[in-house]
Amino acid sequence: MDGRDKPGHDGIEPMARLTECYNAAMSKSGPIFKPGPISAKPLGILLDDVFAEAYAKQGFAARELVTRWAQIAGPEIAAHAEPLKMQWPRPVEGQPQEPATLVLRVEGPMALEIQHSADVILERVNRFFGWSAVGKLAFRQAPLSRPRIRKRPGPPDPKSVAKVAESLADIEDEELKTALARLGAAIKRN
């Protein structure tokens with residue numbers, strides 16, 4: 001007999017084992033373990049390796065050029081252009097490393113304006129890196145990858161609100177009637 005045919009493999013009834021564990025935990029003789037502090041790490045740190053590999057495939061040594069583009073290039077340039085990749089020339093043995101070409105995705109109508117700002121962009125990017133990392137810019141005309149921020153529509157026209165309010169004569173509560181009239185006018189406008 002190997003003990004497997006007895007209740008609870010070790011010969012102790014399951015209820016007896018539960019009672020024994022409960023009483024042992026409640027006794028003051030044993031130490032009580034408290035969980036330690038939970039140290040939560042920011043998501044950016046946890047995903048750092050994943051992002052670093054993706055940016056490295058595009059030629060970016062550091063992702064800050066992409067993530068801080070609006071601060072580096074300035075809001076007027078960042079509104080119409082974004083870094084797509086960096087193309088590094090192959091190193092020649094015995095020669096100093098050539099600067100990279102920064103490829104920017106630019107909205108079609110603003111491409112010429114951004115091209116005229118190329119010197120300013122190069123200066124700002126190289127100042128960010130602290131050395132002449134980028135020697136020239138290349139442009140790809142395409143829509144930007146980030147969604148545009150939509151403007152919130154203003155309040156509905158008072159005439160439209162009054163017209164909708166006329167159809168709500170059955171509602172006695174004036175605040176409710178006004179709110180429903182504004183809602184109806186906004187829905188008709190959109």
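## Basis

The model is predicted, and local features need pLDDT of at least 70, side-chain atom pairs count only at pLDDT 80 or more, and totals for chains, interfaces and linings use all residues. Residues are numbered from 1 along each chain as its sequence is written, and side-chain values use heavy atoms, with hydrogens and water left out.

## Aromatic pair

The structure holds 2 aromatic pairs (rings of Phe, Tyr and Trp, the last by its six-membered ring, with centres within 6.5 Å). In one of them, Trp 88 and Trp 131 have ring centres 6.3 Å apart and planes at 20°, so the pair is stacked (planes under 30 degrees apart; over 60 is edge-to-face and the rest tilted).

Trp 88 lies in the loop between strand 1 (81-87) and strand 2 (100-106), and Trp 131 in the loop between helix 9 (118-129) and strand 3 (134-141), so the pair ties together parts that are 43 residues apart in sequence. Helices (H or I, at least four residues) and strands (E, at least two) are DSSP runs, numbered from the N terminus.

## Helix 9

Ala 118, Ile 121, Leu 122, Val 125 and Asn 126 of helix 9 are buried (under 20% relative accessible area, 1.4 Å probe, protein chains only; exposed is over 50%, partly exposed in between). They cover an arc of only 120° around the axis, which puts them on the same side of helix 9 (the arc is that of the directions from the helix axis to the C-beta atoms). The face turned away from this buried side carries the exposed residues Asp 119, Glu 123 and Arg 127.
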